[in-house]
Amino acid sequence: MDAVLLVKAAIMGIVEGLTEFLPISSTGHLILAGHLLGLSGERDKVFEIAIQTGAILAVILVYWAKIRDTIVRLPSERQAQRFALNVLIAFIPAVVLGLALGKAIQAHLFTPGVVATTFVLGAFVILWAEGRRHPPVRIQEVEDMGWSDALKVGLVQCLALIPGTSRSGATIIGGMLLGLSRKAATDFSFYLAIPTLIGAGVYSLYKERAALSADDLPMFLVGLLFSFVSAWLCVRWLLRYISTHSFTPFAWYRIAFGAIVLLTSWTGWIDWTAG
């Protein structure tokens, strides 16, 4: 395996890990990074989805105590059963819509205008959500969520099927607007990411298995490793950050990145339809 390709895989893994759980859309950043590194083939598209698994392993590690405790208590305790059911309920809408609309979204929505628009609109939603003086908080912890709360967050997650939206941004900000505390919305977003991104990675690998070979394994492993490490650092940082800060800086970053999307598209430097 080419050493240069492994370095590129490491860079892509770092980009994935740092952007997957921040409300800034990993998809847009991976398209930009992939263009700069010359990774834009069919195999590379599968690679971008597969390395999400490394980021998810980082979440599992950070939340391992809670996950292990839930698994142990699942057969006998109602609270653990309700928590697991809530994650499942929130997971289902994205699966259904993703399978039904995935090809159409890929064909029609991966355009510079859509990506830039969702970046900017998402920024204004964040600014509006953070600008409310006294947001009504009904749910302080994820254990307090009902099935209807989980379903609403799951439906909000479906917005992330539109490129540039950000899955974490949709679920965290959406959760806050639905009455979850900042911590509860962030925690549930991370828990929901586990089945969502693992499922997307496994499905993509299976669907595009003909485009892969054993020679690609080192590249995928390097991407997974660096995605795991960078995501682990990012998640730990984000959990500390939200205790004393708002998401407003990410909104301004989204506006700036939306401008970059339009500029690079207008100049013809990046083909954003190749996402």
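Guide: This is a predicted model, in which local features need pLDDT of at least 70 and side-chain atom pairs count only at pLDDT 80 or more, while totals for chains, interfaces and linings use all residues. Residues are numbered from 1 along each chain as its sequence is written, and side-chain values use heavy atoms, with hydrogens and water left out.

Visitor: Why is Lys 66 called buried?

Guide: Buried means under 20% relative accessible area, exposed means over 50%, and partly exposed lies in between (1.4 Å probe, protein chains only). Lys 66 has a relative accessible area of 18%, and is therefore buried. Lys 66 belongs to helix α5, residues 64–73; helices are DSSP runs of H or I with at least four residues, numbered from the N terminus. Not counting residues up to four places away in sequence, Lys 66 touches Arg 73, Phe 83, Glu 143 and Tyr 191, where contact means heavy atoms within 4.5 Å.

Visitor: Why is Val 229 called partly exposed?

Guide: The relative accessibility of Val 229 is 37%, so the residue counts as partly exposed. Val 229 lies in helix α11.

Visitor: What makes the nonpolar surface patch, and which residues belong to it?

Guide: A patch consists of residues with over 30% relative accessible area and no salt bridge; nonpolar side chains (Val, Leu, Ile, Met, Phe, Trp, Tyr) are joined within 5 Å, and like charges within 9 Å. A salt bridge is a side-chain nitrogen of Lys or Arg within 4 Å of a carboxyl oxygen of Asp or Glu. Ile 14, Leu 18, Leu 225, Phe 226, Val 229 and Leu 233 make this nonpolar patch of about 490 Å². Helix α11 gives the most to the patch, with four residues.

Visitor: What makes a nonpolar core, and which residues touch the most other members of the largest one?

Guide: A nonpolar core is a set of buried Ala, Val, Leu, Ile, Met, Phe, Trp, Tyr and Cys residues joined through side-chain atoms within 4.5 Å. The largest has 43 residues, of which Phe 21, Met 145, Phe 188 and Phe 247 touch the most other members. Helix α10 provides the largest share of this core, nine residues. Apart from it lies another core of 16 residues, among them Met 12, Leu 30, Leu 39 and Met 219.

Visitor: Why are Cys 158 and Cys 234 called buried, and how many disulfides are found?

Guide: Cys 158 is buried because its relative accessible area is 9%, and Cys 234 because its value is 6%. A disulfide is a pair of cysteine sulfur atoms within 2.5 Å; a search of the whole structure finds zero.

How values were computed: Areas by Shrake-Rupley, 256 points an atom, 1.4 Å probe, with all protein chains shown as cover. Helix = DSSP H or I, 4+ residues; strand = E, 2+ residues; numbered from the N terminus.
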